[in-house]
Structure formats: structure tokens, C-alpha cells
Amino acid sequence: MIKKLVLTLTFMAGISCQSTAQVADTVVDNAMQALGDVQSVLLTGSAKYVAFQQCGANGTDRRCEGTHDPMRVITDYERVIDLESPAMRHTGNTMNIGPGGSTTISPGTFFEQVSSDQADLSESWGGSLEFYLTPWGFLQGASKSDVSSNRRTIHGTTYTVLSWSPEVTAPSGASYEINAYINDDNLIEHVETWLGNNIMGDMHIIASYTGWRDFAGVMAPTSIEQSRGGWPYFEAAIVNAEANMSNVAAVIPAPESTGGGFGGGGAGEINVMVEDLGNDLYRFSTGGGGSYDSLFYEFEDHIMMFEAGASHAAIAAYIAEAKRLMPGKSIRYIMNTHPHSDHTAGLPVAVAEGATVITHENNREFFERALNTPRTLLDDALARNPQKVWVEGTGTKAVYSDGDHTVELYHIYPAPHSNGLLVAFFPEERVLFQGDFSLPQPGQRGNDHVQALVPALIKLGVTEFDRYINVHSSAEPQTKDQLWAAAGR
């Protein structure tokens, strides 16, 4: 259902005659009554989820076949929605994947929540929207906001659409919007909103609730699906529901402190370190163990950049230094090793320069759709300089050359970490550049991701290199011999 609706569930002011606030309030009241006018709800069943832009181990199918395929299974799934606090948490048992592309998995816990502080409509929309995407949370927010309603027909079904906005505004200053699609039984089938996302722009988020049934006096959906930017994000099959639990406050603990996400502007001065690799090839780094390195290659009439995984501020500093080092030349291409969020954080800065994204064909649709989504909620380089973003999808091998400078891009498959992995081989400079094929400590055997790289390189005939460079900066320069040793060769 989400796939059919993703292109049509969009808020368009004035599409229908807007009703009075009184009528909208009546719709809210009727929908609350249809849900039983409860104070809290417990949903139980099973679920699936993804770490956005990245597939996850699901216990049986451990190899990535797409950006969000496979999803990660959650057993013993529970979701508690407390309307009095208000707050929400959902949790269950899942499997955690090993670091650095390993498919070794171990038991773990899925846990996400929206605390009462986070649910404040004057706070971050990204932190609170999971609560308000639920039918109960949406109506809670509607009861506290200026709400409007209209009638809309989608795929032959006519809905009453309720709309309201939180107090907080987007980084651009624009208002956020959230809409619920209510059927003739006064039950919410879909809730949608938008959130500014570093790669997905004005990311369209849709939560669908179907298979509504009465669980001993409690109305609840038996199926929940959520998509983000048109891609699967979360699914749940609900087998039981309970209302007004006596211990609801105890099962929603205070939130733990969390770190920031990828793609931020970065604080403080960026110190760009440049290593000359010979023949107009340079490695850029911010230094330290947390650096996301990029390569820059100076062709006759342009610059080719390799990877933009660092923050917006760091990539902007990289590009400024590249232009100083190679004056009069523009960034024509930005090569991406794979679409995981920590390897795409600075892409908006590079494409705002007019650079074409080069990535494997398996990633092309994702980047074309994501980077060409409007960015009205954001205030970044691409939002300030909106333009059509071009993406070139490569196959098994692609070569870029001006006669004096040559780089060969190779698809590494099969490999467990992603089905769209590229490495860059510079034959003249004898350099191999890659992302996430991280070497272990000396004397240790590499994980199965590293084990997959070496036979792929041998099959492709890519063996004549000395320097082995990872996007994730290494403390010391690494070599082919170290890679071969990690793979037991």
C-alpha cells in the first residue's frame, strides 16, 4: 500500500475546500472515540526495521541485496503509547551485525523511544515525530494545535484529511506539516509528514495502519508500515493490543544521551591535511582516528573527487583547498564507494558545486531520487544552490582518463556490506582506494568483508598496487601486503 501512496500522499494547500475549525475539531473527536478514547495503548507482535540507507542482518539472509534489503527482524515486539505524558517507546529482540562489514551477528535489543520532553511540539520534529505518526499521537497533537480538514480521494477511496503543524520550524524557517487520512469508519489509515534529511532532502515519511480490528474492546491495526523517502523503513505485524495499562510510566524510561548524526556542519576550524600521492593525486584528511578521507585527482581540465563522507564543513574545506591547490578547475565528478550514511554525509556540498555523482548502478536510483528531492526544509549548500543532480551508474568496470591520468572503478561483488560497492584503482600511482574494507590489527585475520575483497580483486586483475587507502583514515599508511596478509594470502 505504501508504494502506491508514496507519490500521491502529498499535502497541497487548497486542493479541496477547507472546512471550518469547528468541523475539524468534530473529526478529531470522532476519531478519538473510534479508538476508544484511551489513555495508553500496548501493541505486541513482530517487526522489521532498517538503519536508514543501510541493510541489516536478519538472522538468515545476511548479505545486502539493496539499500534497505534485507530488513532486520524484531521478535517479541512491543510498542507502548502513553497519551498522558505523552511518550512512546518500542522495543524487542533483534540481531546485531558485526563491525566493518562483517556478517557475524549476535543477539541484541531494538529500542527506540520518544520521551515526554521530546514530544514537546516546540522541540525537534525529528525527535518527536515517531510519537505523532501513530494514530493516537496524531490526534493528541491535533487536539493541541490549529487543525484543518478537507476531503480527498486517492485511488478511489475518499478520506477526510486532518492537517496541523508543530510549533517548531525547520532549519530553513519553513513550517513542518503532518496529515492523517481518516476513512469513513473514523479510523486513521495513513499519517504523513516531511523531515529535512541530509541526503533525502524534504524526506516524505508515511506510516500506514491497516487491518484494524477490535482486541477485546481496543481498536488497533494489525499491520503497520512506514516508508521514508519512498524506501521501506519499518514494518510490524500486531497480534494483540491492550489499553490503559497500570504500569505505563514504568515502561518508558528517561532517554539516554545520544550523539549527533552524520552530515552536520561541524564546529570549529577544519584543519585540512594534504598528502601528495604523485602524478596529481592527493589524499585529503582532517587528521586523527575519526577522519573521513577523500582523494582528489587533477585531470587536464577538471578535478575528480573520491568520496564525500565527512561533514559538510569538512567537505567544504576539502573542496576549497582542492581549488587552491588546483586553480581554475572545477569539481566535475564525485565518486561514491557505497550509499551508507557515513559515506554520503558531505555529498550535498559536492553536488552543489555541480559535480556529477559516480556510483555503482545498484545505487543510482537511490541517489537520483534522494538528491533531486526539494530541500525547502533545509539550509545547506544544496538548498541554497538548488540544481538538477546527475548520477552516473557504473557496471563491473569504468575507466576515466585524459591520457596522462587514469582511474579505474571496479564493482566488488559479492561482498556482505553492500551490493553497490566500488573501489578506485590508480594504476600509474599504484594506489587502491576503498571504503569499509578495514584491516584488522597486525597478525589478525580480516573479517568476511575483507575476505571477500581479495578474491574479487584477483578475479578483476587488480593486483598491481602498493598503497591501500581507506575512507576511514588509518593511523599509519597501509599496503597491499597488509591486505593480502589479513586475507590469509
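Predicted model: local features only at pLDDT ≥ 70, side-chain atom pairs only at ≥ 80, totals over all residues.

Reader: In the open sheet of six strands, which are the edge strands?

Author: The open sheet has the order S21-S22-S23-S24-S25-S26, and its pairing is mixed. An edge strand pairs on one side only.

Reader: In what sense do S25 and S26 pair?

Author: In general, the strands of a sheet pair through backbone hydrogen bonds, and the pairing may be parallel or antiparallel. Two bridges link S25 (residues 467-470) with S26. Glutamine 478 is the bridge partner of tyrosine 468, and threonine 479 is the bridge partner of arginine 467. The sense of the pairing between S25 and S26 is antiparallel.

Reader: How many bridges join S24 to S25?

Author: S24 (residues 431-434) and S25 run parallel. One of the bridges pairs leucine 432 with tyrosine 468. The number of bridges joining S24 to S25 is four.

Reader: Which helix makes a β-α-β unit with S24 and S25?

Author: The two strands of this unit, S24 and S25, are parallel. The unit that they make with the helix is right-handed. The helix is H9 (residues 448-460).

Reader: Are the residues of S25 that point either way from the strand buried or exposed?

Author: Arg467 and Ile469 point one way from S25, whereas Tyr468 and Asn470 point the other way. To count as buried, a residue must have under 20% relative accessible area. Those four residues of S25 are all buried.

Reader: Why do the buried residues of H7 line one face of the helix?

Author: In H7 (residues 361-371), the buried residues are Asn363, Phe366, Phe367, Ala370 and Leu371. Viewed down the helix axis, they line one face because they fall within an arc of 105°. Among the elements that cover them are strand S9 (201-210), strand S13 (231-243) and helix H6 (347-352).

Reader: Which side chain does a polar contact of 2.9 Å join to that of lysine 329?

Author: Lysine 329 lies in the loop between helix H5 (312-325) and strand S18 (331-335). Leaving aside residues up to four places away in sequence, lysine 329 touches several residues, including Phe299, Asp301 and Lys323. The side chain joined to lysine 329 by the polar contact of 2.9 Å is that of glutamate 298.

Key. Residues numbered from 1 in each chain as written. Heavy atoms only, no water. Buried < 20%, exposed > 50% of the residue type's maximum accessible area, 1.4 Å probe, protein only. Arc of directions from axis to C-beta. Contact = heavy atoms within 4.5 Å. Pairing = 2+ DSSP bridges. Polar contact = N/O pair within 3.5 Å; in protein donor to acceptor, adjacent residues only side chain to side chain. Right-handed = clockwise from strand over helix to strand, strands pointing away.
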